[in-house]
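Visitor: Could you take me on a close look at the sheet in this structure and what packs around there? I'm new to this, so please spell out the terms.

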Amino acid sequence: MSSAAPTRRADPFSSLPEPLRPLAQEPEDRRRTSTTWLVETTLLVLVAVLLATATIHDVARQTGINDRLIADLATWRAYTGHHYKNVDIDQQLLGPSSEHEVVCGNTSPGPPKRRTQLCLAIWGPEHGGRRTVHGGWYIPPGSEDQRADRYGCFGAGAEGICRR
């Protein structure tokens, strides 16, 4: 048995067409463009750093919001004594940038919004996985307009928001 050793090519790029082969030496006119390359590379690196910073900031902000919402759910469940899964958290009702949330859930077991709901106005720092309840109100079953249909308001956070 004879074994023929595979022969290696002297130039691994010889199978490529001439325009795609690497140059042995950079031509004179391409050396002048190295400044342009440096500027373009610097700009690309700066854009990448900007995007990375924005991404990190956004992820950190969203993590803080998620932690706050988890504390709001725990607060509602501890306040009402119900451990329902279908609890609604509204961040827009009291202002999207206020960090004041309204957490609503049924007062008795049943499908969401088919029973009387208790809504709690929650804000402030988190302590022990919960936040402070500053007030609340009730909403009748099947209500579509939370602002117009609320009743039985209580607490300082609910002053002046219920119909008389």
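Guide: Here is a walk through the sheet, its strands and the nonpolar core. The model is predicted, so local features need pLDDT of at least 70, side-chain atom pairs count only at pLDDT 80 or more, and totals for chains, interfaces and linings use all residues. Residues are numbered from 1 along each chain as its sequence is written, and side-chain values use heavy atoms, leaving out hydrogens and water.

Okay, the sheet: it is open, with five strands in the order E1-E2-E3-E4-E5 and antiparallel pairing. Strands here are DSSP runs (E, at least two residues), numbered from the N terminus, and two of them pair if DSSP finds at least two bridges between them. At the edges sit E1 (88-90) and E5 (151-154), each pairing on one side only. E4 and E5 are joined by two bridges in the antiparallel sense; look for Tyr138, whose bridge partner in E5 is Tyr151.

Now the core. Nine residues make up the largest nonpolar core: Leu93, Val102, Cys104, Cys119, Ala121, Trp123, Trp137, Ile139 and Cys162. Such a core is a set of buried Ala, Val, Leu, Ile, Met, Phe, Trp, Tyr and Cys residues joined through side-chain atoms within 4.5 Å, where buried means under 20% relative accessible area (1.4 Å probe, protein chains only). E2 (101-106), E3 (117-127) and E4 (130-139) each supply at least two of its residues, and E3 gives the most, three. Another core, of seven residues, lies apart from it, and includes Tyr84, Val87, Val103 and Leu118.

Conventions
Buried means under 20% relative accessible area, exposed over 50%, partly exposed in between (1.4 Å probe, protein chains only). Helices (H or I, at least four residues) and strands (E, at least two) are DSSP runs, numbered from the N terminus.
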